[in-house]
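Here is a friendly briefing to read alongside the model. Keep the sequence and the viewer open as you go.

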Amino acid sequence: MQITISNDTGSTAKVALVGKLDIAGAEVVALPLATLAGGKTGVIVDLAGVTFVASIGLRHLVLASRAVSRRGGKLVLVNPTDMVRDALVTSGLAELMPIVATESEAYALLG
């Protein structure tokens, strides 16, 4: 799993994930996501490069989303693959975290 963090200077950060969000991948993203969620009011997670997501990966997204929400912010998921979108919808997480197709839609949601 590769994680790239950009646009990190203001209240919003963008995170791009590439690879499998399985046990090993979740270990890679856990600390960076938690750190951003604790300090930002907007987090955009680009999932276009994620080819697989396991329950532990979903858990880290939920934890980050809840941390941002407690601060009055929002975590938005952008452009997941069909398989990842199906996992998010089936697990009910699509109701917790907005899923959009483009980065501009994500920024619009964050206001």
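Let's start inside the sheet: Leu75 in S4 is the bridge partner of Val43. Please keep in mind that this is a predicted model, in which local features need pLDDT of at least 70, side-chain atom pairs count only at pLDDT 80 or more, and totals for chains, interfaces and linings use all residues. Residues are numbered from 1 along each chain as its sequence is written, and side-chain values use heavy atoms, with hydrogens and water left out. Helices (H or I, at least four residues) and strands (E, at least two) are DSSP runs, numbered from the N terminus.

**The sheet**

- Five strands form an open sheet in the order S1-S2-S3-S4-S5, and the pairing is mixed; two strands pair if DSSP finds at least two bridges between them.
- The edges are S1 and strand S5 (99-100), each of which pairs on one side only.
- Strands of a sheet pair through backbone hydrogen bonds, either parallel or antiparallel.
- S1 and S2 are antiparallel partners, joined over five bridges, and Gln2 stands opposite Val18 in S2.
- S2 and S3 pair in the parallel sense over nine bridges.
- S3 and strand S4 (residues 74-78) also run parallel, with five bridges joining them; here Asp46 stands opposite Val78 in S4.

**How enclosed the strands are**

- Buried means under 20% relative accessible area, exposed means over 50%, and partly exposed lies in between (1.4 Å probe, protein chains only).
- S4 is largely enclosed by the rest of the structure, because four of its five residues are buried.
- S2 is likewise largely enclosed by the rest of the structure, because seven of its 10 residues are buried.

- Ala16 lies in strand S2 and counts as partly exposed, because its relative accessibility is 21%.
- The bridge partner of Ala16 in S3 is Asp46; the C-alpha atoms of Ala16 and Asp46 are separated by 4.6 Å, although the two are 30 residues apart along the chain.
- Leaving out residues up to four places away in sequence, Ala16 touches Gln2, Ile3, Thr4 and Asp46, where contact means heavy atoms within 4.5 Å.
- Thr12 also lies in strand S2, and Thr12 counts as buried because its relative accessibility is 18%.
- Not counting residues up to four places away in sequence, Thr12 touches Asn7, Lys40, Gly42, Ile44, Tyr107 and Leu110.

**Helix H1**

- H1 (residues 23-39) has 17 residues and reaches 25 Å from its first C-alpha to its last, close to the 24 Å expected at 1.5 Å a residue; the expected span is 1.5 Å times one less than the number of residues.
- At Val29, H1 bends by about 35°, and the proline Pro32 follows within four residues. The bend at a residue is the angle between axes fitted to the seven residues ending there and the seven starting there.
- At the N-terminal end, Asp22 caps H1, with a side-chain oxygen 3.3 Å from the backbone nitrogen of Ala24.
- The buried residues in H1 are Gly25, Ala26, Val29, Leu33, Leu36 and Ala37.
- These buried residues pack against strand S1 (2-6), strand S2 (12-21), strand S3 (42-53) and helix H2 (55-70).

- His60 lies in helix H2 and counts as buried, because its relative accessibility is 16%.
- Among residues beyond four places away in sequence, His60 touches Ala26, Ala30 and Leu33.
- Val62 lies in helix H2, and Val62 counts as buried because its relative accessibility is 11%.
- Val62 touches Leu93, Leu96 and Met97, not counting residues up to four places away in sequence. Val62 and Met97 are 35 residues apart in sequence and 8.0 Å apart in space, C-alpha to C-alpha.
- Helix H3 (residues 82-90) lies across S3, S4 and S5, running at about 115° to S3. Axes are lines fitted to C-alpha atoms, for helices over the stretch in contact, and angles run from 0 to 180 degrees between N-to-C directions.

Notes: A polar contact is a pair of N or O atoms within 3.5 Å; within protein, one must be able to donate a hydrogen and the other to accept it, and residues adjacent in sequence count only if both atoms are side-chain atoms.
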